[in-house]
Every structure is written in structure tokens, then in C-alpha cells.
Amino acid sequence: MRQDVRIWRKGRFPYKMIVSDLLEDIISDASANAVRFIQNAGYTTFLYGERQMNSILAPAFHKHTDAMVMEYPSTRKIGASNHQARADYFCYCNTGQEKEYRLFVELKSSWQKLPLSNGFYKANIELYQDACSQIKGLINEVRGKNKAFYSGTPIIRVSMISIALYTTGTDENIDVDYDDVINKATREFTCDSQDMDCNFIALWKTNKWLKNDIKKEWEEDNYTFHGILYICHIMESITV
């Protein structure tokens, strides 16, 4: 069942709309996977961290790309230290078609308490910037010793952070201003040093009946889950 996902995007360049549409489909299906998990398991274990988020994202990547591998071995940095990396997703898209391309995605995951009285946590913004730095570094994979492998096909790199939105205690029944969440995200998730401000945002919000289906995973739990915010930077394509 397709989920209602709010989308914000900016910028125009080759493949930008194609990749934006792909991400919208993936996030919509990932949201449906989250609903299915909650309905059957009663919990939100998939929110625990990046590896658990792949439980709902990976099936969606499989569905909407021609081929996909996770933890793709790659070279991010030239030099003696920290040069080996694993891209979270490497996908073959539109294989054999006019708009064929390859896609790298670097994923980070976190949490954010609402309301956003003081904006997003600094740690979340730094996590987004870290994803941007890592995905940008994959230029050394594409144009390095393995460049013949990538020759002739556009390469798109996307940094993505998924942020679980929640309230606690007396705030649990507040009327969340989702427009404010998106507006603040567009202003705060920047990466000036990399010229990689966010240019695609998707927000899936939970409805009332779904919130009521969620059980406490730990006795000390005192939060209400309101949805997942996905903040991305889609880089312009590169070719070798």
C-alpha cells in the first residue's frame, strides 16, 4: 500500500528528476514496509540505527532498481589511511535504456525530538555532513584504479540521513507541525565546505491508528513515534 510521503526538492541538472523520482518511490515503499512491521510485530525496532533501517529500505531498493548490492567495497580516499570504504548501496538503474546510470547511496540514521524549538540537534547536522563527505570521496573509486569498470555510464552519488521523529512525556500528544519540520530542515542541513546543501527531502508521517499500534520495546520507553524524515543531497552525475 503506497504511503503518503511529503516531498521537497530543489535544483535542476541531468538525472536530478529521475533520481528524485526513484528516491520518492523507494521511501514510499520503505514506509509501507515500516507500517507492515508495526502491524505484525507491534514495535519500531527498525528505527534503532542505520543497520536496522536497512530492514525497511533494502527491499525497496531491490524493487525499484535493476540490481543492488549493499556494503559495496570501494575506495574513498587516496593515501595510506582510511582509504578503503563500503558504500551502503550500489545500484544498477535503467539498465539497457537511454537513461541508464549507476547509483551510490551513503546512509546515516538518527533520532530527533519534537517540537523543534531550538532546531535540529547539532549531531544530526554533523551526521549529514559526514555522509556528504563520504559520498563525495567516492570520486576516487569511480576515477581511480577501477575506472574502466565505470566507464561510459553516468554515476550518481546520494548522501542520505534518515531521522526518526518523536515526542516524549507531556509533548506526546502535540499537534506536530510537519511543514515547520521540512522548512527548518531545508535551512539547517547544509554543508558549505562541500557545497552539498540538501536538495531532496521526504517526510513520512504516522497516523493516529498506527501510533496506537506501537508497543513499548523497553519498560522505560516514553516516546511517541511521529514519522521519518529523509534528508538527501543528490550530486550531479560524473562519467569516466
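Two strands are taken to pair if DSSP finds at least two bridges between them, and helices (H or I, at least four residues) and strands (E, at least two) are DSSP runs numbered from the N terminus. The structure is a predicted model, in which local features need pLDDT of at least 70 and side-chain atom pairs count only at pLDDT 80 or more, while totals for chains, interfaces and linings use all residues. Residues are numbered from 1 along each chain as its sequence is written, and side-chain values use heavy atoms, with hydrogens and water left out.

Strand S7 (residues 223-234) runs antiparallel to strand S6 (residues 200-205), to which six bridges join it, and Lys205 has Gly227 as its bridge partner in S7. Strand S5 (residues 155-168) is also antiparallel to S7 and is joined to it by 11 bridges, with Ala164 partnered by Ile228 of S7. Because 11 of its 12 residues are buried (under 20% relative accessible area, with exposed over 50% and partly exposed in between, for a 1.4 Å probe and protein chains only), S7 is largely enclosed by the rest of the structure.

The whole structure contains 10 salt bridges, each defined as a side-chain nitrogen of Lys or Arg within 4 Å of a carboxyl oxygen of Asp or Glu. In one of them, the closest N and O atoms of Asp130 and Lys108 are 3.7 Å apart; since Asp130 lies in helix H3 and Lys108 in strand S4 (residues 101-113), this pair ties together parts that are 22 residues apart in sequence. Lys108 is buried at 11% relative accessibility, whereas Asp130, at 33%, is partly exposed.
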